[in-house]
Amino acid sequence: MQRVKNTIVRIALNPIALLFCFMSRAAALASSTVPTNIFAPQSTPAKSIVHLSFFVLAITGIIFAVVFTLLVYSLLKFRARSSSASSEPAQVYGSTQIELAWTVIPVLIVVVLFMATARVVHAIQDAPMPASAVEVTVIGHQFWWEYRYPQLGVVTANELHIPVSDPAHPTPTVLQLLSADTDHSFWIPELAGKTDLVPNHPNRTWMDPEHTGTFEGQCAQYCGTQHAKMLLRVSVDTPDDFAEWVREQRQAAVADERVSAGKRVFETTACINCHSINGTVANGRFGPDLTHLMSRTTIAAGAALNTPENLRLWIQNPDAIKRGSLMPAMQLSKSDLDALMGYLETLR
Ligand code: HEC
Ligand SMILES: [Cu+2]
């Protein structure tokens, strides 16, 4: 008896808990500065997805309202009465009309939803791109993002820079999505729909943001231990800022005589097997390109801000910031670490 009672209490409490959960989430959304918001699209693909979602929500909302009203009506109108306790309600068997209605109507609804979705998929996937489009190859790694701009000769990591797209002269960015290891998913809710990065199966998406600013996202496909710290940051720049950023990124790493000791530490340890620094012997591709490390605001795919303390901690012990990342703790002596830090801080 106690068990039955417990179960009933639990079932009754569940929706209440759920409601509280939603309410607190909604309050948090309303009060805080939300990093991302699927209801505030800033780019054509994200907009068509939001419109489609509202359309689907409207149709399913109408279905819900109709079914719920009929249910409540029937429950009240036809509820058991003491006067009719012994008799059965009218039984309907094999009515062709009813059978047809509840087969044809749902089929029609599904067809409408299917067509609306297919239209949006086609509009996004097969959109013609102007010659001015910026091409970026995005490569998902456990647990960071590599960005290559083949037309511009730029290679960077984790923080994507793209130009704002003026609707009068669109400069969309086309992303070629690849993976170096396992499935990842690229998702900047305000700019474009979720698209997977699948090994040996290039995918494609694009975005044409109307406003400058920083947009955030996150790997949306579980890809291993540190999937949760595989964040995305997109900086949408004015055309001038973008051109300036490209100009800076194309330059070889700064060669400063005063930090040659630190450079030597870098070039004589395993760092160079995994990292590239343009203009040095380091040309590893297992980890992020470090040529312009200091131009990024975060390290380790958004896991920490790029401050001298965090950078030092990261090189001493990556697990302290991102447990399970694929960079080993390099066990450098204090003097080597000091020299190395001096060098890394010049990589603007
Ligand atoms: C076995 C390969 C490997 C070695 C060796 C290695 N790293 Fe890394 N490193 C990585 C990987 C992988 C990441 C990305 C980790 C992540 O974000 O999940 C990384 C990230 C970094 C980052 C952060 C870059 C960014 O923009 O997020 C820095 C800085 C860095 N490594 C410096 C070094 C230095 C300095 C050394 C040598 C003392 C070194 N690494 C040795 C693989 C390696
Ligand atoms: Cu991932």
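I take helices (H or I, at least four residues) and strands (E, at least two) as DSSP runs, numbered from the N terminus. I note that this is a predicted model, in which local features need pLDDT of at least 70, side-chain atom pairs count only at pLDDT 80 or more, and totals for chains, interfaces and linings use all residues. Residues are numbered from 1 along each chain as its sequence is written, and chains are lettered from A and ligands numbered from 1 in the order in which they are written.

Overall form. I looked up the elements and found eight helices and 12 strands in the protein. The radius of gyration (over C-alpha atoms) is 28 Å, well over the 20 Å that the globule rule (2.2 Å times the number of residues to the power 0.38) gives for 348 residues, so the protein is more spread out than a compact globule. I also noted that the C-alpha trace spans about 100 × 60 × 40 Å along its principal axes.

I traced an open sheet of three strands in the order 4-10-9, with mixed pairing, where two strands pair if DSSP finds at least two bridges between them. Strand 4 (159–163) and strand 9 (213–218) stand at the edges with a single partner strand each, so one side of each lacks a neighbour in the sheet. Strand 9 and strand 10 (residues 231–237) run antiparallel and are joined by six bridges; I found Val236 in strand 10 as the bridge partner of Gly213.

A loop residue. I located Asn283 in the loop between helix 6 (271–274) and strand 11 (298–299). The C-alpha atoms of Asn283 and Pro328, 45 residues apart along the chain, are separated by 18 Å.
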